[in-house]
Amino acid sequence: MKIKVNNVNQPAWKEVTVHANLPKNLHKLQELAYNLWWVWNADAKNIFRYIDNEAWHRAQSNPIVLLNIISYDRMLELSRDKEFMAQLDSIYAEFRDYMNAPKDKKKPSIAYFSMEYGLTHILKIYSGGLGILAGDYLKEASDCNVDMTAIGFLYRYGYFTQTLSPEGQQIANYEAQNFNNLPLTQVKNEDGTPMVINVPYPGRTVYAYLWKVAVGRIDLYLLDTDNELNSEWDRQITHQLYGGDWENRIKQEILLGIGGTLALKQLGIKKDVYHCNEGHAALMGLQRLVDYVAEGLTFNQALEVVRAGGLYTCHTPVPAGHDYFEEGLFYKYMNEYPAKLGIDWHDLIGMGRQNPDDNNEKFSMSVFALNTCQEANGVSWLHGEVSKKMFAPVWKGYFPEELHVGYVTNGVHMPTWAANQWKKVYKENFPKEWFNNQSDPKMWAPYNNLSDELIWNTRMDLKRKLIDYIREQFRETWMKSQGDPARIMRALETMKPETLIIGFGRRFATYKRAHLLFNDLERLEKLVNNPNYPVQFLFTGKAHPADGAGQGLIRRIIEISRMPQFLGKIVFLENYDMRLAKRLISGVDIWLNTPTRPLEASGTSGEKAQMNGVLNFSVLDGWWYEGYRKRAGSALTDKRTYENQGHQDQLDAATIYQMLENEIIPMYYARNSKGYSPEWIQTIKNSMTQITPFYTTKRMMDDYFDRFYNKQAKRHHLLAADNYKVAKEIAAWKENIVEHWDEIEVKSVNIPETMLQNPNVGEKYDISVELDTHNLHDNGLGVELVAIRTSTHNNDKLYKVEPLKLVKSENSILRFEANYQLDYAGGMKFALRMYPQHELLPHRMDFCYVRWL
């Protein structure tokens, strides 16, 4: 018998988590580590850094990893360190006071759904602006002690880590997260077994584990399908953020909307308002409908209740940016739901179409959200206006200006994004109540009294920290990807805090126009190599792995940065994440933003820079359209000169150069004997006092309550009271209108011939309409005169809407009259519009029936 050389079977690994064994008086560290309050509390973060600064860096600023790698002897030493224990006790007492503050029960409670959350760089469940905004919003909800619960995903790989090839090609690396090393806990049942959310999919159930992240006072629950209960196919649902094909995307959105709603139900959590942050979570409305129908409501009654408490926030300014699904794919996953709702397939898919009867139209998650949420909003004033036009086809019969779509301009969480140096300045010089009233401009007035030297020295300190961070973090990666150590060292040596540094950091989509500066390399070369007024540009950002054009922009910038004349003057920093972002937005002098107008829904990176005395230089788009103030930053006009985008890009690039050469650079270098520019410092003061207060998440949170949450919660409770009495009444009224709408007969329409043939400004005209409602038996109708006029661009523009008064109601006959005065000279068009009206409707779009008479 021949003896085999090898005979080895596969190991049967058993995964266990060994927790740090802390001395009893250090258990407070564990509690602090598992609550993300430390992310925006400098003293809490410093207590972990004090344990072992070198280990803190090795742990990538992750307190969970830190406590696992510190030796027990060091922990014992700390437990006997009186100074350390006094600091720990003080910080822990502050934390407990914060956590124990009672919630304001007068405010509505909120369920918040989002595909991504940017809370800290160590928790990779975000990709960019949408996630950072959602993370900031949870932190602000915690600071404001709002009764909010959030739903999202715990991604195994999250979004990619970016590295660059020697040729400058982006490489997307998906690195698995070790959940045991993250500040989160798995949700368990009372018997200690993992809680499992059973989510229905066609022909099977997908089983999701649930994890909880403590964001200060807010609980964020994350769904996770990467477990042994699921098939390999379904485990991948929560592998990657925005990964896979359209089928994977619909599976993710089912999990978020339907699974997230089921998770709240299993946890016993009910809220007043359900906030859908982008269309990804739109199916939360579908599951809520199913739940209400299961309680005994009809579909129409359930829809009244669901809509009353639903809010949809859109972050996308173009139709192509929304999620659409082919009917075949949507049917594959959703065909069982019509039976659950008591409707047919045509009714369900029609709720996701702008034209419900168009069988060729795809199902839109955004349209479905609009049809299942009472309110909708954009994320800046300008984006709100753009959204009205974008969504106008959903509510035919009304002009964009008439739509209910509102806006809340995004803000940023000041304690997260303001550098510690600035927070120290604010604490020492601002009123005590400043933190709780950040959106009050009066609280920022003391900034004007800060000495110029203090502001300049703080800015220089932050610039030095940015440069040190770049030298420390990127020297090794640049050596690997670019070679030639001498060239790398020369590039690093050119970085000096005295130089004007301009930063550009965002997702590398083509509409962001990162390439603008490179339209004129000769002019750029003169700009960055001026020996008296040197300028340096720092670029960073990721392109989606499927976006070849965006990756091409990155490659081009790196190619230019390696040219001898631009070495160290044009720098690309790889792997843009929250950690790098915080260094950049606090360490540069100018934050540059050059989107194609009006494609920037809001943009918050400039708002983060705003918190740190960094000046914005941006196209008047998104938040900057309303935020810009003269002598407090710089702006490119919001107006287009050319329809040809290439020509517009050239003009905008030339304008940027002109403003840099003639305004910004001379002002920065107009230094006095103390080494700084008084005019530059005054511009910072103007910026901080006139702009910053209006772009915090504190103001944003207040706006959501004032404009949406409060009124929606009130209406939701009204409809749900007394076994949904009012909801049933409204549904019955709508059903009656629908049944008899086509029977309504227009008996007469009288518009004076002189008004149509020879109208004059100032003259009044008697207009009347008579209707026969036949079997409607309801006076809930309105008639109005709609006037439009042609704009200079030859577009019809709504000018005026004049309601006619109901003057007679006899049997089934309704007579409406108006005495209309013309107040505009020029070409106009008139038409009469009939619509249903009821005092309990929140707005016309809630029941969009229109007949032009």
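Two strands are said to pair where DSSP finds at least two bridges between them; strands (E, at least two residues) and helices (H or I, at least four residues) are themselves DSSP runs, numbered from the N terminus. The model shown is predicted: local features need pLDDT of at least 70 and side-chain atom pairs count only at pLDDT 80 or more, whereas totals for chains, interfaces and linings use all residues. Residues are numbered from 1 along each chain as its sequence is written, and side-chain values use heavy atoms, with hydrogens and water left out.

**View 1. Strand β8 and its pairing with β2 and β7.**
Strand β8 spans residues 218–224, and six of its seven residues are buried (under 20% relative accessible area, against over 50% for exposed and in between for partly exposed; 1.4 Å probe, protein chains only). With β2 (residues 148–153), strand β8 pairs in the parallel sense over five bridges; here A150 has L220 of β8 as its bridge partner. With β7 (residues 204–215), strand β8 runs antiparallel, and seven bridges join the two. L210 is bridged to L223 of β8. Two residues separate the strands in the hairpin of β7 and β8, where G216 takes a positive phi near 60°.

**View 2. Helix α6 and its buried face.**
Helix α6 (residues 82–100) comprises 19 residues and reaches 26 Å from its first C-alpha to its last, close to the 27 Å expected at 1.5 Å a residue; the expected span is 1.5 Å times one less than the number of residues. Its buried residues are F84, M85, L88, I91, Y92, F95 and Y98. Seen down the axis of α6, these residues fall within an arc of 145°, so they line one face of the helix; the arc is taken over the directions from the helix axis to the C-beta atoms. The exposed residues K82, E83, D97 and N100 are carried on the face turned away from the buried side. The packing partners of the buried residues of α6 are α1 (27–33), α2 (42–51), α5 (72–79) and α7 (129–143), contact being defined by heavy atoms within 4.5 Å. At the N-terminal end, α6 is capped by D81, of which a side-chain oxygen lies 3.1 Å from the backbone nitrogen of E83.

**View 3. L29 in the largest nonpolar core.**
A nonpolar core is a set of buried Ala, Val, Leu, Ile, Met, Phe, Trp, Tyr and Cys residues joined through side-chain atoms within 4.5 Å. The largest has 157 residues, of which L29, F48, L220 and M334 touch the most other members. Helix α29 (residues 697–740) contributes the largest share of this core, twelve residues. Residues up to four places away in sequence aside, L29 touches L22, I47, F48, I51, L67, F84 and L88. Y426, F539, M659 and L660 are among the 86 residues of a second, separate core.

**View 4. Helix α22 and its packing partners.**
In helix α22 (residues 521–528), the buried residues are L524, L527 and V528. Viewed along the axis of α22, they fall within an arc of 85°, so they line one face of the helix. E522 and K526 are exposed residues on the face turned away from the buried side. The buried residues of α22 pack against β16 (535–540), β17 (570–573) and α27 (645–668).

A polar atom of the Q301 side chain lies 3.0 Å from the backbone nitrogen of T298. Neighbours within four places in sequence aside, Q301 contacts A727, K728 and A731.

Apart from neighbours within four places in sequence, S809 is in contact with N779 and L814. E770 and S809 are 39 residues apart in sequence and 9.9 Å apart in space, C-alpha to C-alpha.

**View 5. An open sheet of four strands.**
The strands follow the order β24-β23-β27-β28, with antiparallel pairing. At the edges are β24 (796–803) and β28 (851–852), each of which pairs on one side only. Two bridges link β28 to β27 (residues 828–836) in the antiparallel sense, and W852 of β28 is the bridge partner of R833.

Terms used:
Polar contact = N/O pair within 3.5 Å; in protein donor to acceptor, adjacent residues only side chain to side chain.
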